[in-house]
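Have the model open while you read.

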Amino acid sequence: MSLNPEKYVAFVTLLEQLRSDATTTQIVALELRQSVASLQQFFGQEIVPLADENWRVQSYQTEMSKQLRLLAIDVMFLQGARQASTAQTRLQTICDRLTTLIQYCDAILQPEAEGEK
């Protein structure tokens, strides 16, 4: 199956929404955990099946899978944080990881955008 840009765009939208929620609101760790679980489910059902022969896309998908697993661990650490400063540091790590995931999606979509010009 070939690259389906709409799926990646939808995934980026979900990532950006979660990052926005994490930075602008007092997000509850349980809500964050549920959102990350939804992201992982979307990735598994919508992105992973888009197996591509392109080694570059496969590499990014592998890295995205790893980052999603690390994101879930970061959320668990956030839930365990007892001090506000620790929680803030964990939240920043989560936002950084979400930014990395967005950059991976953008990198996958980049050749697609150049091909349309």
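Which residues in α2 are buried?

1. In α2, the buried ones are Ala29, Leu32, Val36, Leu39, Phe42, Phe43 and Ile47. Buried here means under 20% relative accessible area, with exposed over 50% and partly exposed in between (1.4 Å probe, protein chains only). They span an arc of only 135 degrees around the axis, so they sit on the same side of α2; the arc is that of the directions from the helix axis to the C-beta atoms. An α-helix has 3.6 residues a turn, so residues three or four places apart point the same way.

2. Before going further: this is a predicted model, so local features need pLDDT of at least 70, side-chain atom pairs count only at pLDDT 80 or more, and totals for chains, interfaces and linings use all residues. Residues are numbered from 1 along each chain as its sequence is written, and side-chain values use heavy atoms, with hydrogens and water left out.

3. How do α1 and α2 (residues 29-47) pack, and at what angle? Their axes are 11 Å apart, at an angle of about 170 degrees. Axes are lines fitted to C-alpha atoms, for helices over the stretch in contact, and angles run from 0 to 180 degrees between N-to-C directions.

4. Gln61 is worth a click: this residue of helix α3 (residues 55-80) counts as buried because its relative accessibility is 11%. Setting aside residues up to four places away in sequence, Gln61 touches Tyr8, Phe43, Ile47, Val48 and Leu50, where contact means heavy atoms within 4.5 Å.

5. Finally, Ile94 lies in helix α4 (residues 84-116) and is buried, at 0% relative accessibility. With residues up to four places away in sequence left out, Ile94 touches Leu32, Leu71, Asp74, Val75 and Leu78.

Note on methods: Helix = DSSP H or I, 4+ residues; strand = E, 2+ residues; numbered from the N terminus.
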